[in-house]
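Reader: I am new to this structure and would like to learn how to read its features one at a time. Could you take me through them, giving the general idea before each case?

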Amino acid sequence: MIRLEGISKVYPNMDRPAVKELNLHIEEGEICILVGPSGCGKTTTLKIINRLIEPSSGKIYINGKDAMKEDPNELRQNIGYVIQQIGLFPHMTVYENIATVPRLRDWDEGRIRKRVDELLEMVELDPEENRYKYPMELSGGQRQRVGVARAMAIDPPIMLMDEPFGAVDPITRTQLQNEFLKLQRKIKKTIVFVTHDIDEAIKMGDKIAIMNQGELVQFDTPANILFNP
Ligand code: ADP
Ligand code: ADP
């Protein structure tokens with residue numbers, strides 16, 4: 001589904017590549033976790049996949065097609081993106097936030113309304129209660145749920161999630177993780193999920209890619225990583 005071949009990224013001001021010769025194969029319907037210390041190249045890798053950053057070298061294939069040859073906007077129709085904290089537009093209601101991408105696609109308002117309610121239910125927020133709230137009226141956990149709902153608005157097969165549960169307290173984080181795993185069993189998206197928390201990686205991942213200083217040091221299932229550290 002997603003294949004990175006020899007991906008490197010050199011930022012002009014750095015003396016080593018932020019990402020170096022990365023090879024990664026992510027299968028359809030699986031959660032692949034990118035884990036490693038701050039600065040090891042996780043976010044850069046994620047942004048290379050949705051072409052917010054161009055790699056210095058290497059190839060990306062999405063669904064067998066060379067992603068570099070596709071129009072980035074077309075490509076992103078298939079990719080939902082969730083980031084922590086600043087993900088929501090603060091001046092827009094929950095409804096307006098979730099409606100942004102469907103509106104760019106010219107969905108009619110009736111269809112958007114139905115979809116917003118459906119999405120809010122999927123992320124376990126009561127539509128009646130939350131539709132017209134602003135982000136600042138929500139708790140951190142509720143905001144992250146809306147972020148997930150917004151990324152799923154047009155039902156993209158791929159989701160990129162950058163520390164999506166990183167900015168909330170530990171109890172809320174556990175709750176969000178459990179809810180998300182339950183949802184994933186139904187929706188079966190292909191997910192690349194960034195975290196610096198190895199416990200989160202082991203809990204959430206079908207596969208775990210451990211990165212250090214831009215390089216992939218291990219790529220395996222959580223069980224194999226636990227028993228062959
Ligand atoms: P992580 O997500 O694992 O914390 P990043 O991918 O954000 O790592 O960063 C990898 C390295 O690249 C870090 O050393 C970071 O300082 C550097 N870096 C990230 N973005 C930029 C940028 N836009 N310009 C220059 N250096 C950057
Ligand atoms: P531009 O950067 O050219 O102004 P936009 O940010 O408005 O483009 O987005 C163009 C299209 O790409 C939108 O239709 C939207 O669906 C999609 N898109 C943009 N950013 C993302 C993202 N982070 N995740 C998923 N889709 C995105």
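Predicted model: local features only at pLDDT ≥ 70, side-chain atom pairs only at ≥ 80, totals over all residues.

Reader: Where does Asn63 lie?

Author: Helices (H or I, at least four residues) and strands (E, at least two) are DSSP runs, numbered from the N terminus. Asn63 belongs to the loop that runs between strand 4 (57-62) and strand 5 (65-66).

Reader: How should I read a backbone angle, and what is the phi of Asn63?

Author: Most residues other than glycine have a negative phi. Asn63, which is not a glycine, has a positive phi near 55°. Glu21 is another case, with a positive phi near 45° in a residue other than glycine. Glu21 is part of strand 2 (residues 19-26), and it counts as exposed because its relative accessible area is 53%.

Reader: Is Arg145 buried or exposed, and which side chain does its own side chain contact?

Author: Arg145 sits in helix 6 (residues 140-151) and counts as buried, because its relative accessibility is 10%. A polar contact is a pair of N or O atoms within 3.5 Å; within protein, one must be able to donate a hydrogen and the other to accept it, and residues adjacent in sequence count only if both atoms are side-chain atoms. The side chain of Arg145 makes such a contact with the side chain of Glu179, at 2.9 Å.

Reader: Which atoms lie 2.6 Å apart between Thr44 and ligand 1?

Author: They are a polar side-chain atom of Thr44 and an oxygen atom of ligand 1. An oxygen atom of ligand 1 is also 3.1 Å from a polar backbone atom of Cys40, and a nitrogen atom of the ligand is 3.4 Å from a polar side-chain atom of Tyr11. Ligand 1 on its own exposes 560 Å², of which the protein buries 62%; such areas come from the Shrake-Rupley method with a 1.4 Å probe, and for residues only the protein chains shown count as cover.

Reader: Which residues are around ligand 2?

Author: They are Asn73, Arg76, Ile79, Tyr81, Val101, Leu104 and Arg105, and they divide into four nonpolar, one polar and two charged residues. Helix 2 (72-76), strand 6 (79-83) and helix 3 (94-104) each supply at least two residues of this shell. An N or O atom in the side chain of Arg105 lies 3.0 Å from an oxygen atom of ligand 2, whereas a polar backbone atom of Arg76 is 3.3 Å from a nitrogen atom of the ligand. The protein covers 56% of the 540 Å² of accessible area that ligand 2 has on its own.

Reader: How far apart are Glu215 and Lys42 in sequence and in space?

Author: Glu215 and Lys42 are 173 residues apart in sequence, and 9.9 Å apart in space from C-alpha to C-alpha. Glu215 lies in strand 10 (residues 215-220) and is partly exposed, because its relative accessible area is 37%. As a further pair, Ile225 and Asn97 are 128 residues apart in sequence and 38 Å apart in space, again C-alpha to C-alpha. Ile225 is found in helix 9 (residues 222-227) and is buried, because its relative accessible area is 7%.

Notes
Residues numbered from 1 in each chain as written. Chains lettered and ligands numbered in written order. Heavy atoms only, no water. Near = heavy atom within 4 Å. Nonpolar A, V, L, I, M, F, W, Y, C, P; charged D, E, K, R; others polar. Buried < 20%, exposed > 50% of the residue type's maximum accessible area, 1.4 Å probe, protein only.
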